[in-house]
Amino acid sequence: PAACLSYRETQRFVFSQVSTRSVMQDTVVSDSICDYLLKAGADFQIPTGVTHLSKVLWGRTAFEFNLTRFIVPNPNGVMNLIIRGAAIMPMTDQEQGYFLFGGGKHSCPGRSSAFVQTLAIGVALVGRFDIRGEDGGLIKVPCMFRSRLGDRRGGRQIH
């Protein structure tokens, strides 16, 4: 389970893509400031980085790596992994904002293969090698720089 949780949280934390969709009918979307009319036939883009790092969806720890973020208790008190869109568990706001490899009918058909390959390589590296920093201690996670859509300040450092 720790490998699956690490994969999901790592992807949420660093994955950045832009999905393009077409508006099928006139639609109004709102934020706390304004209403926006999306006209039928127009194309729009959805940057995953905005929702993957949203404090509204993920809380004050949105910019922190949290290995237990995708664990929820079931009614019996047992901790379960959240399975996106599973019929037995309705999607939370967080899950709706986590669309790795696309979403809905536009999900990447190779996403499961990519998951298995990434996990297999990661587990093999961790299990077979003694990986240390240059000083022999823990490896320091580098500071990442993620630009944000509409951020005039030029982006944000993520630790």
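This is a short talk on the fold, contacts and surface of one predicted protein model.

Two ground rules before we start. The model is predicted, so local features need pLDDT of at least 70, side-chain atom pairs count only at pLDDT 80 or more, and totals for chains, interfaces and linings use all residues. Residues are numbered from 1 along each chain as its sequence is written, and side-chain values use heavy atoms, with hydrogens and water left out.

Overall layout. The protein has 5 helices and 8 strands. Here helices (H or I, at least four residues) and strands (E, at least two) are DSSP runs, numbered from the N terminus. The order from the N terminus is α-β-β-β-β-α-α-β-β-α-α-β-β. Of the 159 residues, 23% are buried. For burial, buried means under 20% relative accessible area, exposed means over 50%, and partly exposed is in between (1.4 Å probe, protein chains only).

Start with helix α1. Helix α1 covers residues 2–14, 13 residues in total. From first C-alpha to last it reaches 18 Å, close to the 18 Å expected at 1.5 Å a residue. That expected span is 1.5 Å times one less than the number of residues. Which residues of α1 are buried? They are Leu5, Tyr7, Arg8, Glu9, Gln11, Arg12 and Phe13. Keep Tyr7, Glu9, Arg12 and Phe13 in mind.

Now the rings. A pair of aromatic rings is described by the distance of the centres and the angle of the planes. The rule: rings of Phe, Tyr and Trp (its six-membered ring) pair if their centres lie within 6.5 Å; planes under 30 degrees apart count as stacked, over 60 as edge-to-face and the rest as tilted. By this rule there are 2 aromatic pairs. Take Tyr7 and Phe115. Their centres are 4.8 Å apart and their planes sit at 75 degrees, so this pair is edge-to-face. Tyr7 is in helix α1 and Phe115 in helix α5, 108 residues apart, so the pair links distant parts of the chain. Tyr7 counts as buried because its relative accessibility is 9%. Phe115, at 25%, counts as partly exposed.

Next, Phe13 and Phe65. Their centres are 6.5 Å apart and their planes at 85 degrees, so this pair is edge-to-face too. Phe13 belongs to helix α1, while Phe65 lies in the loop between α3 (55–58) and β5 (71–73), 52 residues apart. Phe13 is buried, with a relative accessible area of 7%. Phe65 is partly exposed at 42% relative accessibility.

On to charges. How many salt bridges does the whole structure hold? A search finds 4. A salt bridge is a side-chain nitrogen of Lys or Arg within 4 Å of a carboxyl oxygen of Asp or Glu. Arg69 sits in the loop between α3 and β5, and Glu9 in helix α1, 60 residues apart. Buried or exposed, these two? Both Arg69 and Glu9 are buried. Arg12 comes in as well: Glu9, Arg12 and Arg69 are linked in a network of salt bridges.

Another bridge joins Asp26 and Lys39, at 3.5 Å, N to O. Asp26 lies in the loop between β1 (18–22) and β2, and Lys39 in the loop between β3 and β4 (43–47), so the pair ties together parts 13 residues apart in sequence. Asp26 is partly exposed at 43% relative accessibility. Lys39 is also partly exposed, with a relative accessible area of 45%.

Asp130 and Arg132 form a bridge as well, at 3.1 Å, N to O. Asp130 is exposed, at 60% relative accessibility.

Now the strands. β2 (residues 27–30) and β3 (residues 35–38) pair in the antiparallel sense over 4 bridges. Strands pair if DSSP finds at least two bridges between them. A hairpin of 4 residues joins β2 to β3.

His106 is in the loop between α4 (93–96) and α5. His106 is partly exposed, at 42% relative accessibility. Its C-alpha lies 9.2 Å from that of Ser19, 87 residues apart along the chain.

Last stop, the surface. Ile121, Leu125, Val126, Phe129, Ile131 and Ile139 form a nonpolar patch with about 630 Å² of accessible area together. Patches are made of residues with over 30% relative accessible area and no salt bridge: like charges are joined within 9 Å, nonpolar side chains (Val, Leu, Ile, Met, Phe, Trp, Tyr) within 5 Å. Areas come from the Shrake-Rupley method with a 1.4 Å probe; for residues, only the protein chains shown count as cover. Ile139 is in the loop between α5 (111–128) and β7 (144–146).
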